[in-house]
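Reader: I have a model open and want to read its features one by one. Where do we begin?
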Amino acid sequence: MGGVELGRGVELLVRQVGHWQQPRWSAAASGGNVSRADLVHRLVQEIANLAADAEGEPRRTVPRLDNNLALPDQLRVVAADLIAAGPADEALARAATEVTETRAAL
C-alpha cells in the first residue's frame, strides 16, 4: 500500500513540474526563501536517505545537477530505489508525506 501511495504521489509531482522551464524552477517556492528546484532536490535527498537506511547502506549526497530539468527523473529514480528496498511501512509513509508536502509548497 505504501509503495503505491508513494508512486502515485511522485507521478503527480512529476506531472506538476515536468513541463517547467528553468525560470519557473528558479522561482521561490511558496511561503519560503528557497527556489522550487532546491525544494525538490531536498525531497530527492530525503527519499534517497530513506532508501539508504532501508538497504542498510551509508547515506550519500545526491548530486545537485546544473540542469534543474533533471530533477523529476532524479525523484523517480530515488523513489523506485526506496520502493525496491522493501522498507518498513513507516518509511514509505514518511516519503509519501514528504512528496505531498513538497507538492503543496510548489
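Author: Start with helix α3, residues 36–55. Helices here are DSSP runs of H or I with at least four residues, and strands are runs of E with at least two, numbered from the N terminus. The model is predicted: local features need pLDDT of at least 70, side-chain atom pairs count only at pLDDT 80 or more, and totals for chains, interfaces and linings use all residues. Residues are numbered from 1 along each chain as its sequence is written, and side-chain values use heavy atoms, without hydrogens or water.

Reader: How does the span of α3 compare with the span expected?
Author: The expected span is 1.5 Å times one less than the number of residues. α3 has 20 residues and reaches 29 Å from first C-alpha to last, close to the expected 28 Å.

Reader: What follows α3?
Author: Gly56, with a positive phi near 70°.

Reader: Why is α3 called largely enclosed?
Author: Buried means under 20% relative accessible area with a 1.4 Å probe, protein chains only. In α3, 15 of the 20 residues are buried, so the rest of the structure largely encloses this helix. Across the protein, buried residues make up 42% of the 106.

Reader: Which elements make up the protein?
Author: There are 5 helices and 0 strands. The order from the N terminus is α-α-α-α-α.

Terms used
Buried means under 20% relative accessible area, exposed over 50%, partly exposed in between (1.4 Å probe, protein chains only).
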